[in-house]
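Please have the sequence and the view open while I speak.

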Amino acid sequence: MFKKIFKDRIEAGRFLAEKLTNYTDRRDAIVLGLPRGGIPVAYEVAQKLHAPLDVFTVRKLGVPGHEELAMGAIASGGVRVLNHDVLSYIKIPDEEIDRVAADELRELERRERLYRGARPLLDVRDRIVIVVDDGLATGSTMRAAVKALRQKRPKQIVVAAPVGARETCDSFGDEVDVLCVCALTPEPFRAVGLWYADFEQTSDDEVRNLLARAMPEDQRKAAA
């Protein structure tokens, strides 16, 4: 039996925020949450650091029939990252990967419209971008986010999660332009949800509400 570490994503976000306090009140820092589960965590981090919050849309490419296992991910800007470790022992035809990617692209575009509307992504050029998710298992969705964000030329990318598989967190730390902050790396890891007492799926409405609450008052009035 695995002992739960966090009551919910709110508690996890507050715990993670304590590991990132060196970015508090940095005018060049911005927090991006990966939807949907990363948004409640990112909201708590942004509140603690007094940093702007935005959403960065990424979709996992699940193995057909075993959708929780990531064979890759896609992100805004046409980025696709494949998990070659998974694909090396589960042989999946290219056309099946393309089919899953096309389905997930439609969902990614739907969420972009729902969460952001016509509002563009906050400008990340020459800024410290703290990319937050509720946990790192294979890291496929986070890798897609990092690859997409690199194209926007931030000053630094900080990958942050309350809990993650040690080998995944270490692999991000090996990249020269990425700082990885995994607050906890329990072993054996198995799955992100094992470490939360409440790991209910985050709803679209919750994502929208948290993004609205984090928005400066003048922007909220303009969006209303």
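This is a predicted model: local features need pLDDT of at least 70, side-chain atom pairs count only at pLDDT 80 or more; totals for chains, interfaces and linings use all residues.

**Backbone details and surroundings**

Let me begin with R36, whose place is in the loop between β1 and α2, where helices (H or I, at least four residues) and strands (E, at least two) are DSSP runs numbered from the N terminus. The peptide bond from P35 to R36 is cis, with omega near 0 degrees.

Residues are numbered from 1 along each chain as its sequence is written, and side-chain values use heavy atoms, with hydrogens and water left out.

Two residues other than glycine have a positive phi: D25, near 60 degrees, and H50, near 55 degrees. As background, most residues other than glycine have a negative phi, and most peptide bonds are trans. D25 belongs to the loop between α1 and β1, and H50 to the loop between α2 and β2 (53-55). With a relative accessibility of 52%, D25 counts as exposed, and H50, at 56%, counts as exposed as well; the cut-offs here are under 20% relative accessible area for buried, over 50% for exposed, and partly exposed in between, with a 1.4 Å probe and protein chains only.

The loop between α1 and β1 (29-33) also holds D28, and here the classification is buried, at a relative accessible area of 15%. The side chain of D28 makes a polar contact of 2.8 Å with the side chain of R26, a polar contact being a pair of N or O atoms within 3.5 Å, where within protein one must be able to donate a hydrogen and the other to accept it, and residues adjacent in sequence count only if both atoms are side-chain atoms. Beyond four places in sequence, D28 touches R127, I128 and K155, contact meaning heavy atoms within 4.5 Å.

Now to the helices, starting with α1 (residues 9-17), in which R9, A12, G13, L16 and A17 are buried. Seen down the axis of α1, these buried residues fall within an arc of 135 degrees, so they line one face of the helix; the arc is that of the directions from the helix axis to the C-beta atoms. They pack against α2 (38-49), β6 (128-132), β7 (156-163) and β8 (178-184).

In α6, the buried residues are T168, C169 and F172, and seen down the axis of α6 they fall within an arc of 95 degrees, so they line one face of the helix. Their cover includes α5, β7 and β8. T168, in α6 (residues 166-173), is buried at 5% relative accessibility, and, not counting residues up to four places away in sequence, T168 touches L136, A137, T138, G139 and R143.

That brings us to T138, which is found in the loop between β6 and α5 and counts as partly exposed at 30% relative accessibility. Leaving aside neighbours within four places in sequence, T138 is in contact with A70, N83, R143 and T168, and a polar contact of 3.3 Å joins the side chains of T138 and S140.

Finally, how much space lies in the largest pocket? The value is about 1100 Å³, where a pocket is defined on a 1 Å grid over the protein atoms alone as an open set of points where a 1.4 Å probe fits, with protein on both sides within 12 Å along at least five of seven lines, and lining residues have an atom within 4 Å of a point. Grid points are joined across faces, edges and corners, and the volume is the space filled by probe spheres set on the points. The lining of this pocket consists of 37 residues, and K60, E67, E68, T141 and F199 lie nearest its centre. The elements giving two or more residues to that lining are β3 (58-63), β4 (66-75), α4 (94-116) and α5 (140-150).
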